[in-house]
Amino acid sequence: MEAGNAPSPTLVVEVQQFLYREARLLDAERYQEWLDLITEGDDFEYWMPAVESRDRRDPVPAYERGRLAILEARHKSELAVLAKSLADPANLAQHPPTLHMHSISNIEVECTDNPCDFRVHSVVTYFAGRWRGVEDVSFQLHARREDLLRRSHEGHLGIARRFILPRHTTLPNAALTTFL
């Protein structure tokens, strides 16, 4: 398929199911299985910038590469290190464990010039809750995502790039204990 062509209904459903499965794996903290959804490659990138609230007339953009980032990885191995720390029973940020819920919506699939690559736009709403001894603490985080999904030689989809744009200028919690 060439860029600009409409994706087939079958492809759209396949992408939706891929993203829903990813959310389920993250909710269950099955990080190794989640990492298996990520491709290996020189063009890999996973980037979630910190967004600054600025006046529209301000020449400095609200976010840009090389400035503040909540999460930035250029290699799958960097995400694997973070995933290992999130799953570590000794991680004090996870006592008691966070109850995760990722909700994915507004999924739009675009074809690219490469027949194996698909640009996917979506919205993620993340809910986290946990009991902190005397109170139930919860928060929500909202973000837009732009993914580049790539079909492998075996026919499986994988995440080749992900850009996450939070809709918050201040994160609603000091510790983000999952991936978006």
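Because the model is predicted, local features were considered only at pLDDT of at least 70 and side-chain atom pairs only at pLDDT 80 or more, whereas totals for chains, interfaces and linings use all residues. Residues are numbered from 1 along each chain as its sequence is written, and side-chain values rest on heavy atoms, with hydrogens and water left out.

The protein has 3 helices and 6 strands, these elements being DSSP runs numbered from the N terminus (helices, H or I, at least four residues; strands, E, at least two). Along the sequence they are arranged in the pattern α-α-β-β-α-β-β-β-β. Of the 180 residues in the protein, 37% are buried, where buried denotes under 20% relative accessible area, exposed over 50% and partly exposed the range in between (1.4 Å probe, protein chains only). The accessible surface comes to about 10,200 Å², and carbon and sulfur atoms account for 52% of this surface; areas were computed by the Shrake-Rupley method with a 1.4 Å probe, and for residues only the protein chains shown count as cover. Among contacts (heavy atoms within 4.5 Å) between residues at least 6 apart in sequence, 61% join residues at least 24 apart.

The 6 strands form an open sheet of mixed pairing in the order S2-S1-S6-S5-S4-S3, two strands being taken as paired if DSSP finds at least two bridges between them. Strand S2 (69-73) and strand S3 (99-111) are the edge strands, each pairing on one side only, and the twist from one strand to the next averages 20°. Strand S1 (residues 45-49) pairs with S2 in the antiparallel sense over 4 bridges, and within this pairing Met48 stands opposite Leu71 in S2. Helix H3 (residues 76-87) packs on the sheet and touches S1 and S2, its direction making about 125° with that of S2. Helix H1 (residues 9-27) lies across S3, strand S4 (117-131), strand S5 (136-151) and strand S6 (157-166), and runs at about 160° to S3. Axes for these angles are lines fitted to C-alpha atoms, for helices over the stretch in contact, and the angles run from 0 to 180 degrees between N-to-C directions.

Arg145, which is found in strand S5, is buried, with a relative accessible area of 4%. A polar atom of the Arg145 side chain lies 2.6 Å from the backbone oxygen of Leu180. When residues up to four places away in sequence are not counted, the residues touched by Arg145 include Leu19, Glu22, Ile104, Val124, Arg162, Phe163 and Leu180.

The structure holds 6 aromatic pairs, a pair being rings of Phe, Tyr and Trp (its six-membered ring) with centres within 6.5 Å, counted as stacked with planes under 30 degrees apart, edge-to-face over 60 and tilted for the rest. Tyr31 and Phe179 form an edge-to-face pair, at 5.9 Å centre to centre and 75° between the planes. Tyr31 lies in helix H2 (residues 31-35) and Phe179 in the segment after S6, so the pair ties together parts that are 148 residues apart in sequence. Tyr46, like Phe179, is buried. Ring pairs link Tyr31, Trp34, Tyr46 and Phe179 into a cluster.

Note on methods: A polar contact is a pair of N or O atoms within 3.5 Å; within protein, one must be able to donate a hydrogen and the other to accept it, and residues adjacent in sequence count only if both atoms are side-chain atoms.
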